[in-house]
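Let's take a walk through this protein, one piece at a time. Have a look at the structure, then read on.

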Amino acid sequence: MRALRTLMLALGLSLCTGVQAEPAVYFVDHTIRAPGHAGTMRTLGFNRLALEAGSAGEQRLHTQPLWSQLRGGGQWRSTDDLDPDDAIDAALIQLLDAGFEVRISADGKPGPMRAVDEIAWARVLKQRPRAAQALVDAPQTLGLQVRALPDGLKAGQIIRQHARSPAIGRIDTRLEVVAVDDAVAVLAMHIEGDTLTGSGRQAVRLADGMPLDVSLRLDMDAADGLPVTEQRLRMVALDTIPTLDLSDSNTAMAGYEAERLAAPPFSGPSDDPTLYRNDPPPRGVLLQDMLAPERLETIAAQLAFGVEPRRMGRARLVMGAEIKSDASGTDDGPPPLFGRLRSVTLRDAADRPLSGLEAVPVRPMLALVGQWHSDEGEADFPFRLPPGVRDEALAALATIDLEMEVETYAWDGVETVAYGEQPQSQPGARFDWRSPRHIGFEQARARPDETDALWSIAVPLDADGRPLPQASLMRRGRNAEALDWEWRHTPQRTEIATSAPIAAVELRRYRWRMLPHVLSFKRIESIE
């Protein structure tokens, strides 16, 4: 639950007045470490946020926690562990369901965070005062320093803010505009206060000041019986289609890439034939992990879910899928189903939508490959139910429909690009001609609203037009300090090194399209 208070720290960094934003779901990853103490506390969660217009120019920032999970001390505790039949748990469920709010005056001055359900708040405050205060106390007031961003922002511009909070004292914030376009500003933050220091980055939507992506590090002094802590917060709006690193794999990936790039054949030419491969896919044929549109309806997919009872907390949903090859059996392997999750519909045995039970999608991208399994107790479950759902509410559930936009591919053609030249057939694609035996190939990443674009592979050729043996490395790792927003707005880059000088590069294009498709999971007794 401690992540909820720090979430507001990030949210307030870009509040402005005058615009009402549509509700949006945000992913929150909050890590706390106390130097000299064993272990790390990590909270993962999803919150729905809305900036609402009030009377006389006032605004209301409403936060509704959808789900959170605290990991630490060898244990995981989630909000779906709360027991609605326990009086205190029931009050906490009411508190989470109603959410929290910050009132912002017409001149942009924010008030304190308050619980919407004051009766539930009083109950929780009486029985669990520390837990209650953690939901609304400092350091969330730190995030309320910036009320608005000035018009006409320019890269390099410095914005300074000074504030004072009863909970954490003096707060000085320095914001530097790293980049800005017509819609979004990326800000570097440096924070100093009487009880903390911090730094980070934030992408802010200029139309309404709402944050899209936040990365923040804080060093906090000891307070309220808690030791000195080092804290890290990541928060990102799911409608930006972010890449969520729930397994902390980015650090390992970045290290692996650095090692490969520091060794031949990328660091310098090598005549070792074991470092290269010479098996480019045939022209006009899709790669093995590409799904053709016509195969979308012929894939043999077994989709099912179960409702698994537990000793503590309500029963959890468990979903499973087995993606098989076409009935003809002529495939090289089971094709992946990869796409954007747009909505979720829960249905009864008569195929009618269940009333009173909202399912909120929280996975911007979903990949079903081979045998897929997802448990509601894991952070990567596709959707979330309201806090306090009872087992009997799931009794009538017979089908879970995931409304998707599935990624499909079709062959688009080929362009041969002479050494030193640039491609003309794919907007945004370019070659970085580093040396006669080493090139970089860059192409734009998909935008959140994009449903039709080109994606290519580069095949280096010798002087006779034959494919050269090559080593390739698609750059997937990223700077740990960079925002997901920044990473997604940089080109996708592939390093290519060859066994002999490159005379030309064949750009083999594939057109990808997102097609609507519904995955219907049927209820069974149990998912293995």
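In which sense do S21 and strand S22 pair, and over how many bridges?

S21 and S22 (residues 438-443) pair in the antiparallel sense, over 5 bridges; strands count as paired if DSSP finds at least two bridges between them. Across that pairing, phenylalanine 431 stands opposite phenylalanine 441 in S22.

Both strands belong to an open sheet of 4 strands, ordered S21-S22-S25-S24 with antiparallel pairing. Strand S21 (430-435) and strand S24 (470-474) are at the edges with a single partner strand each, so one side of each has no neighbour in the sheet.

## About the model

This is a predicted model, where local features need pLDDT of at least 70 and side-chain atom pairs pLDDT 80 or more, while totals for chains, interfaces and linings use all residues. Residues are numbered from 1 along each chain as its sequence is written, and side-chain values use heavy atoms, leaving out hydrogens and water.

## The whole protein

You'll find 6 helices and 26 strands here; these are DSSP runs, numbered from the N terminus (helices: H or I, at least four residues; strands: E, at least two). Of the 528 residues, 51% are buried, meaning under 20% relative accessible area with a 1.4 Å probe, counting protein chains only.

## Helix H2

Helix H2 covers residues 87-98. Its buried residues include Ile88, Leu92 and Leu96. At its start, a side-chain oxygen of aspartate 86 comes to within 3.1 Å of the backbone nitrogen of isoleucine 88. Just after H2, glycine 99 has a positive phi of about 90°.

Notes: Buried means under 20% relative accessible area, exposed over 50%, partly exposed in between (1.4 Å probe, protein chains only). The expected span of a helix is 1.5 Å times one less than its number of residues. A polar contact is a pair of N or O atoms within 3.5 Å; within protein, one must be able to donate a hydrogen and the other to accept it, and residues adjacent in sequence count only if both atoms are side-chain atoms.
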